[in-house]
Amino acid sequence: MRPHVSAPAESSAVALPGGVYLCQVDENVSCGACCGLYNCPDASHACLQELLAFQTERFRGVPRNMDAIDAFRVQMERREPRQRPYPDFYHCPFLGLVGRENSRVGCLLHPLADGNQGADLRDLSFYGGFACREYFCPSHRNLPPVYKTIIKSVCTDWYVYGLAITEERLLAQFFGDIERQLGRSLEPADIAGSPGARQTVAEFLGLKLVWPFHEPAWKGPANYFFNDGLYPHPPIDYERLGARPSPHDAILRELSSAFSSRAELTAAEARIEELLVRIVRQVTPPAAAAAY
């Protein structure tokens, strides 16, 4: 099991690895992935929205003392299914909806959350307040700032953002492939300045939800992003397909792909390549784009 992060934003006293804050972005965009938000048998947007709204409403009437908060935890954990896609990934019952319009995911125990009157109640969570304040996901540390800035600018709601921003290896490979085709480093303005490029990046970020080539044992859209090797993505058996390893192997694996035929592999590669080429053309001046 692993620690989770809280929301809204922490104070400037907490060291921020990677230089770009990812947990709380704006009134609609935030991430609860480290809290195990998506580690549910049904991790659809509708199901998680209902769950978060229910927990938020129930917590409003909870007295802010240890016994009452712990009773709330027990009640929520008993209400939720015991079987989860990743048994070693704790799903925090103190996730809820925060902000002026309750329009993003956040921590109900955070000192800035409604009803807490500035009191930091996160010591009553499963991992304790220290983990909530100090833990940052691998994307904070490992993704280049430009990639993180692009994701923050493209996403418009908490659901897709939380699913996407923790996909460190997937994002690094995809944006790295774009840069290799461009022959230069990406800049945030490359995507922000092109509505078409923004839309194409958004399509890629949502790909894991609609990918038709998921392996039979796919656990759903949740990403177990901790670097302990507990839940590795399966390798693709290219020899069985009579094919060479794909140039997009890293992306295909991070999407938990499995193929029953070489034709399926070809179709998957074509989809990835189409997105890459489209973005390159959308951010490259017309004269240079003719080369692609």
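1. Helix 5 (residues 145–154) packs against helix 7 (residues 168–182), with axes that come within 11 Å and cross at roughly 105°. Because angles of 65 to 115 degrees count as roughly perpendicular, helix 5 is described as roughly perpendicular to helix 7. Helix 5 contributes Tyr 147, Ile 150 and Ile 151 to the contact, and helix 7 contributes Leu 171, Ala 172, Phe 175, Gly 176 and Glu 179. Sorted by class, the residues in this contact are 6 nonpolar, 1 polar and 1 charged. Please keep in mind, here and below, that this is a predicted model.

2. The largest nonpolar core has 82 residues. Those that touch the most other members are Tyr 38, Leu 48, Phe 174, Phe 175, Ile 178, Leu 205 and Leu 252. Helix 13 (residues 262–283) supplies the largest share of this core, 8 residues.

3. What does Phe 174 touch, leaving aside residues up to four places away in sequence? Its partners are Phe 204, Ile 251, Leu 275, Leu 276 and Ile 279.

4. How many disulfides does a search of the whole structure find? The count is 0. For Cys 92, the closest cysteine sulfur is that of Cys 35, at 5.8 Å. A disulfide needs the two sulfur atoms within 2.5 Å, so this pair is too far apart for a bond. Cys 155 is also too far from a partner, because its closest cysteine sulfur, in Cys 31, is 10.0 Å away. Both cysteines are buried: the relative accessible area is 3% for Cys 92 and 8% for Cys 155.

5. Asn 102 is not a glycine, but its phi is positive, near 50°. Asn 102 sits in the loop between strand 1 (95–98) and strand 2 (104–107). Its relative accessibility is 22%, so Asn 102 counts as partly exposed. Ser 256, likewise a residue other than glycine, has a positive phi of about 55°. Ser 256 is in the loop between helix 12 (249–254) and helix 13. With a relative accessible area of 8%, Ser 256 is buried.

6. Is Leu 109 buried or exposed? Leu 109 has 0% relative accessibility and therefore counts as buried, the limit being under 20%. Leu 109 is placed in the loop between strand 2 and helix 3 (129–134). Not counting residues up to four places away in sequence, Leu 109 touches Phe 59, Ile 69, Phe 94, Asn 116, Ala 119, Asp 120, Leu 121, Arg 122, Leu 124 and Ser 125. From Leu 109 to Gly 129 there are 20 residues in sequence and 9.4 Å in space, C-alpha to C-alpha.

7. Helix 13 also holds Ala 267 and Arg 271. Ala 267 is partly exposed, with a relative accessible area of 39%, and Arg 271 is partly exposed as well, with 28%. The C-alpha atom of Ala 267 is 9.6 Å from that of Phe 213, although the two residues are 54 residues apart along the chain. Arg 271 and Asn 227 are 44 residues apart in sequence, and their C-alpha atoms are 28 Å apart. Which residues does Arg 271 touch, not counting residues up to four places away in sequence? They are Glu 203, Leu 207, Trp 211 and Arg 278.

8. Pro 17 belongs to the segment before helix 1 (45–60). Setting aside residues up to four places away in sequence, Pro 17 touches Phe 136, His 140 and Arg 141. Pro 17 and Ile 150 are 133 residues apart in sequence, with a C-alpha to C-alpha distance of 18 Å.

Conventions. Residues are numbered from 1 along each chain as its sequence is written. This is a predicted model: local features need pLDDT of at least 70, side-chain atom pairs count only at pLDDT 80 or more; totals for chains, interfaces and linings use all residues. Side-chain values use heavy atoms; hydrogens and water are left out. Axes are lines fitted to C-alpha atoms, for helices over the stretch in contact, and angles run from 0 to 180 degrees between N-to-C directions. Helices (H or I, at least four residues) and strands (E, at least two) are DSSP runs, numbered from the N terminus. Angles under 35 degrees count as roughly parallel, over 145 as roughly antiparallel, 65 to 115 as roughly perpendicular and the rest as oblique. Contact means heavy atoms within 4.5 Å. Ala, Val, Leu, Ile, Met, Phe, Trp, Tyr, Cys and Pro count as nonpolar, Asp, Glu, Lys and Arg as charged, and the others, Gly among them, as polar. Buried means under 20% relative accessible area, exposed over 50%, partly exposed in between (1.4 Å probe, protein chains only). A nonpolar core is a set of buried Ala, Val, Leu, Ile, Met, Phe, Trp, Tyr and Cys residues joined through side-chain atoms within 4.5 Å.
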